[in-house]
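Try each task before you read its solution.

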Amino acid sequence: MMKPTLILVGADKGGVGKTTVARSLLDYFARKNVLTRAFDTENPRGSLHRFYPAITEVVDLGNVAHQMRILDTMETANVPVTIVDLKAGNLSYSLDLFERIGVLEAARNGMFTLGLFHVVGPSIASLDEIGEIAKYLSGMQYVVARNSINETNFFEWDEATYRKYFSQIAKTQEINVPKLNEMAYEQVDVAGVTFKDFIDNRAADGSQGKFSFVLRGYVRKWCSEIDAEFAHVKMLQDVLSGGRQQ
Amino acid sequence: MATSPTVHIVCSDQHRNGKTLLARVLVDFLMLDGRDPFCIDTDAPDGPLRAFFPGRTALADFAAIQGQMKLFDTILASPGRDYVIDLPARHTERFFQTARDLDFFAECHKTGFRVFVFFIVDNSFTSLKTAYAMQREPGVDLFIPVRNMLVRSHWPENEGALTIPFLAAPIASAISNRRFSLREFVNGDPQGLAPDLVRELQAFLYDVLNSLNGLEPVRALGGPGQP
């Protein structure tokens, strides 16, 4: 049987699109018929929970009982993928906590696959996080998700700056989260549905939605662009292939 | 002409070559045929087509997403009638790219529409190249190259096309008045036009309306651009 996969999605900076990436991952696996479960550490509100109420639990990562709910159930949940959306600003804290309680060590010993999607925005502060968390990354599949919310180029125009941040960690995988039209994004947000349901014109209660064809089209196109990015991420492809590529 | 609801797209890659005139004749033709077309004029803010059919035209600025929603969502939300889209040259490429991205033509077919594209081939090789490329546009049921004799055309003489005959300046000027209705003219109201101009406009409309009337058999025979 395939090892369970735990995917952390985090950033130390807020507003960089962390929950969007977590939602994209859940949608991606849903489209590929892979069962997932999610934990939202945005306690007590839980923005991820709003979109995936059936598979998402809101937890407090500092609470031992909640840590157990995530980590001790990975084998028994019969769900191959667990996604944890880390609260804004909590990436370093969470990695430090996982190091202290032996989660990172267990992943290094091959008990499960551990991945981190580190969502960075187009700012030096955001990029500085890459250096700050480097010490935790051994044994982990590390993916830098560059969120192009402002159609930025992430300092590619300045090779020295770019290299300083993106070349300091060996085996870094990078993906670009393409820009989704603001109105389309807001409509999905207002509807409180998954990207997939929005595309399929399905409302949150399962009834036929009344979403704009144009906005659904924009979301569909964006999802296909995200799929193309995810197709380069080894950890995700390992899950889809049932671990045969591991 | 079209027996089932059809989305008629009137476009060109070049400016000022008679798109709105063709769209206007097309709308009148459909109404004379007993149909109830609705127009979408994407030439915002001016809205030249809307000036002639204010009660049955939506003005949609295709450069903005709200305009795209107005265009595509209006059509798909109210199927069962004909639509005429007047596209200025500046929106033509983007319109077709967006239609491809959104799978608009496939959705039109699912909703029971057919898609006809009228492309005015200008007097330039660029326009001819664009026309040939557009002829292969997936999802278009009938591609109709159009020659406007006023601006001339690079479309080959030996290949079928809808031809807009030369229209003398005094007639063009008279019918450019937004109060002048081509439909009323066809129904026998000269609307103050001088008798010699009446005859010339009659000949012009006879040719264009005849060509439009012939499109349905062309479609049945498997005209160019058909899937």
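A residue is called buried when its relative accessible area is under 20%, exposed when it is over 50%, and partly exposed in between (1.4 Å probe, protein chains only). Helices are DSSP runs (H or I, at least four residues), numbered from the N terminus. This is a predicted model, in which local features need pLDDT of at least 70 and side-chain atom pairs count only at pLDDT 80 or more, while totals for chains, interfaces and linings use all residues. Residues are numbered from 1 along each chain as its sequence is written, chains are lettered from A in the order in which they are written, and side-chain values use heavy atoms, leaving out hydrogens and water.

**Exercise 1.** Find helix H1 of chain A and work out how it sits in the structure.

*Solution.* Step one: locate residues 18-31 of chain A, a run of 14 residues. Step two: check the span. The expected value is 1.5 Å times one less than the number of residues, and H1(A) reaches 20 Å from its first C-alpha to its last, close to the 20 Å expected. Step three: look at burial. Twelve of the 14 residues of H1(A) are buried, so this helix is largely enclosed by the rest of the structure. Among them are A:Val21, A:Leu25 and A:Phe29. Step four: go just past the helix, where A:Asn33 takes a positive phi of about 60°.

**Exercise 2.** Is A:Gln67 buried or exposed?

*Solution.* Step one: find A:Gln67 in helix H3 (residues 64-71) of chain A. Step two: apply the cut-off. A:Gln67 counts as buried because its relative accessibility is 10%. Step three: list its contacts (heavy atoms within 4.5 Å). Leaving aside neighbours within four places in sequence, A:Gln67 touches A:Leu61, A:Gly62, A:Asp72, A:Leu97 and A:Ile101. Step four: zoom in on A:Leu61, whose backbone oxygen lies 2.9 Å from a polar atom of the A:Gln67 side chain.

**Exercise 3.** Describe how chain A and chain B meet.

*Solution.* Step one: count the residues in contact, ten from chain A and 13 from chain B. Step two: take the buried area, meaning the accessible area (1.4 Å probe) that two parts lose on being put together, summed over both. The two chains bury about 1,000 Å² between them, 69% of it on carbon and sulfur atoms. In chain A, the residues A:Met183, A:Phe213 and A:Val214 lose the most area to chain B, together 54% of what that side buries.

Technical notes
Helices (H or I, at least four residues) and strands (E, at least two) are DSSP runs, numbered from the N terminus. A polar contact is a pair of N or O atoms within 3.5 Å; within protein, one must be able to donate a hydrogen and the other to accept it, and residues adjacent in sequence count only if both atoms are side-chain atoms.
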